[in-house]
2 protein chains.
Amino acid sequence: MLEFQKQKQNSEHCERIVYIASDATGITAEKFATSLLAQFKLDYSIIRIPFIDHINKAHQAVERINTHARIHPNKIILFTTLVNAEINAILHTCPAFIVDLFQAFIQPLEQELGLQSTHVMNSLHHIGNIEAYEKRMEAINFALMHDDGQSHSNLELADIILIGVSRSGKTPTSLYLAMQYGLKAANYPLIPEDFERQAFPKILTKHMDKLFGLTIDAKRLANIRHERAPNTHYASFNNCMHEIYEAEKMMRANNITYLSSTHKSIEEIATTILQCFFKN
Amino acid sequence: MLEFQKQKQNSEHCERIVYIASDATGITAEKFATSLLAQFKLDYSIIRIPFIDHINKAHQAVERINTHARIHPNKIILFTTLVNAEINAILHTCPAFIVDLFQAFIQPLEQELGLQSTHVMNSLHHIGNIEAYEKRMEAINFALMHDDGQSHSNLELADIILIGVSRSGKTPTSLYLAMQYGLKAANYPLIPEDFERQAFPKILTKHMDKLFGLTIDAKRLANIRHERAPNTHYASFNNCMHEIYEAEKMMRANNITYLSSTHKSIEEIATTILQCFFKN
């Protein structure tokens, strides 16, 4: 058994077992359930049953949950997000505490909108809108090609260009922006040569309106760099402090908005970048 | 104004304006709202107001929505996910149709669990669990280093190794598995030399239990390859068909589970891979 499978299995001895039953991937439902449950001091383990898009699969899911319910001392919590009424009804026969994410809102929305819901399975994460999906895939390729200033070609196609010292979080942020929003995000490192010249890489001067800066605490940067290149000048605290000081000075002098990635996740960084570009 | 900002602004002339108000990123709330609204034939535009974690920001958000409400002919729809009761109450003064994603479920969950919700803002997407977050970042680095068979080093640390012909979707899937699940996903292309030898790259033979295959329709593969390398043998339909035939044959002969990425998004592919490894 692979390592990550073992970890998952070990988490079975939890106070509560939480199932997510979805007719699509169930990714959003799982995230939503997780943020609701984060409101409780609860030891739980989540199991997601995706792609329940047929009555047979609904019965299989019920059987699986029933079996689990018989051996687990506490009532199972079941989050469902199933648009088909028949499939949903089957899942509702489970001996579980059911949180129906779909039913709770569809009826009030129908009333407000004066529209009937289609009840058509139409996953958010299905390839559905092929153009939007291909835009995301293209953006991922773009981010990979333009990672770390590797390529200047087609830079004019970039939506956003992240800048910052090496290891300040530019690569994962670029990939996240591409993957989730289909934004073409390039990234360029600010390096000692730039600080000596007191100027951004020349290629960037044509694209100043697309620049967004990332910075980071020197101590954390030194830690991250030490992992990669232990006991080097590059990773030393003093050098990190110097690089960050120079990078921030240059960004301020050029009116580039920047934020610190030290205590922010890529989701938070990306959200802040979008907010900034849309002047929210 | 940048291209992607213009696109967003153009979408303002919609039947309905939908706001998402969150004390964190609001990413999950936006996705959840999008999948609910996908149930209606509705022309709408979403605006997300993240990080409403203070009363002042709540008042600013209300002002912004009020201003918008005055100029838009139809009632605004407002999805909230705010754990702080005071902040939530302020947002509830908006002249909008309010869908309170949080309140709908917290009270029933409190009752079922016999626990009070903490009402502490604690975003799913906050860096919070630093270990889990660093695992994700490490996994992204791993996926980048082990993309397209670039590096054999530390391959034993891989959780999953994707294989398939060039451009079958391995890279975005590896990055997605890393970014969302912190899984170390390497990927190796199956190339003509492998088909001639009728054997996987030697380095993979030690890791057969970690292999998962991607395949794709020949026509779609030819299209994708033509974008990159027009009018080459590599991109020709016949060559694509041949490579896919050989790759699938090798995967079947070695009992490697594989799926077709032709009509599947990376989210669906990743979900299926996890299902397979967990024998769901």
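Let's start with chain A and its open sheet: four strands in the order β2-β1-β3-β4, with parallel pairing. Strands here are DSSP E runs of at least two residues, helices are H or I runs of at least four, and both are numbered from the N terminus. Two strands pair if DSSP finds at least two bridges between them. The edges of this sheet are β2 (44-49) and β4 (96-100) of chain A, each pairing on one side only. From one strand to the next, the twist averages 20°.

A word on the source. This is a predicted model: local features need pLDDT of at least 70, side-chain atom pairs count only at pLDDT 80 or more, and totals for chains, interfaces and linings use all residues. Residues are numbered from 1 along each chain as its sequence is written, chains are lettered from A and ligands numbered from 1 in the order in which they are written, and side-chain values use heavy atoms, with hydrogens and water left out.

Back to the sheet. Strand β1 (residues 16-22) of chain A pairs with strand β3 (residues 76-81) of chain A in the parallel sense, over five bridges. Tyr19(A) stands opposite Leu78(A) in β3(A). Which helix packs on this sheet? It comes from chain B: helix α5 (residues 103-113), touching β1, β3 and β4 of chain A. Contact means heavy atoms within 4.5 Å. The direction of α5(B) makes about 175° with that of β4(A). Axes are lines fitted to C-alpha atoms, for helices over the stretch in contact, and angles run from 0 to 180 degrees between N-to-C directions.

Now chain B. Take strand β6 (residues 185-190): six of its six residues are buried, so β6(B) is largely enclosed by the rest of the structure. Buried means under 20% relative accessible area, exposed over 50%, partly exposed in between, with a 1.4 Å probe and protein chains only. In a regular strand, side chains alternate between the two faces of the sheet. For β6(B), both faces are covered. One side has Ala185(B), Asn187(B) and Pro189(B); the other has Ala186(B), Tyr188(B) and Leu190(B).

Its partner is strand β5 (residues 160-165) of chain B, parallel to β6(B) over six bridges. Ile161(B) stands opposite Ala186(B).

Next, a helix pair. The axes of helix α6 (residues 130-145) of chain B and α7(B) come within 7 Å and cross at roughly 165°. They are therefore roughly antiparallel; the class is over 145 degrees, against under 35 for roughly parallel, 65 to 115 for roughly perpendicular and oblique for the rest. Among the residues meeting here are Ile140(B) in α6(B) and Leu175(B) in α7(B).

Finally, two backbone points. Phi of Gln198(A) is near 55°, positive in a residue other than glycine. Phe51(B) also has a positive phi, near 60°. Are these residues buried or exposed? Gln198(A) is partly exposed at 46% relative accessible area, while Phe51(B) is buried at 15%. Phe51(B) sits in the loop between β2 (44-49) and α3 (55-71) of chain B. Five of the six residues of β2(B) are buried, so that strand is largely enclosed too.
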